[in-house]
Amino acid sequence: MPVEGTWDLTISTPIGKIKAEVELHQESDLLSGTAQGAGEQVPLRDLALNGDQLTWKQAVTKPMRLNLAFAVTIEGETLSGTAKAGRLPASKVIGQRRTRPS
């Protein structure tokens with residue numbers, strides 16, 4: 001299942017909804033990407049695609065310093081799942097693919 005492209009994410013956290021943009025690229029079997037939001041851009045780590053399940057980790061400093069772990073299911077042009085920060089409860093994540101490389 002191709003996951004490449006730019007994805008617009010909405011993360012529903014206890015402090016409100018956070019918008020982010022995730023860009024995914026695939027070359028051969030190597031999947032890479034970056035996330036952008038709250039005025040910072042960070043690399044995605046430990047990206048793994050297993051069927052329609054996509055997981056990754058990222059560190060952010062805004063609105064506070066957190067290490068996030070994402071687990072989402074991709075269905076065509078949409079995705080849904082969770083983002084977890086340490087011991088905090090998981091936050092719901094939804095997303096829509098904006099562009100798909102040709």
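Predicted model: local features only at pLDDT ≥ 70, side-chain atom pairs only at ≥ 80, totals over all residues.
Buried here is under 20% relative accessible area, exposed is over 50%, and partly exposed is in between (1.4 Å probe, protein chains only).

Strands are DSSP E runs of at least two residues, numbered from the N terminus. Skipping neighbours within four places in sequence, Leu 9 has contacts (heavy atoms within 4.5 Å) that include Val 22, Trp 56, Phe 70 and Val 93.

## Salt bridges

There are 4 salt bridges, each a Lys or Arg side-chain nitrogen within 4 Å of an Asp or Glu carboxyl oxygen. Arg 98 pairs with Asp 8 at 2.5 Å, N to O, linking β9 (residues 91–99) to β1 across 90 residues. Glu 21 also bridges to Arg 98, at 2.8 Å; Glu 21 sits in β2, 77 residues from Arg 98.

Lys 57 and Asp 46 form another, at 3.9 Å. Lys 57 is in β6 and Asp 46 in β5 (residues 45–50), so this pair ties together parts 11 residues apart. Lys 57 is partly exposed at 37%, while Asp 46 is exposed at 54%. Shared partners join Asp 8, Glu 21 and Arg 98 into one network.

## Ground rules

Numbering starts from 1 along each chain as its sequence is written, and side-chain values use heavy atoms, without hydrogens or water. Local features need pLDDT of at least 70 and side-chain atom pairs 80 or more, while totals for chains, interfaces and linings use all residues.

Methods:
Helix = DSSP H or I, 4+ residues; strand = E, 2+ residues; numbered from the N terminus.
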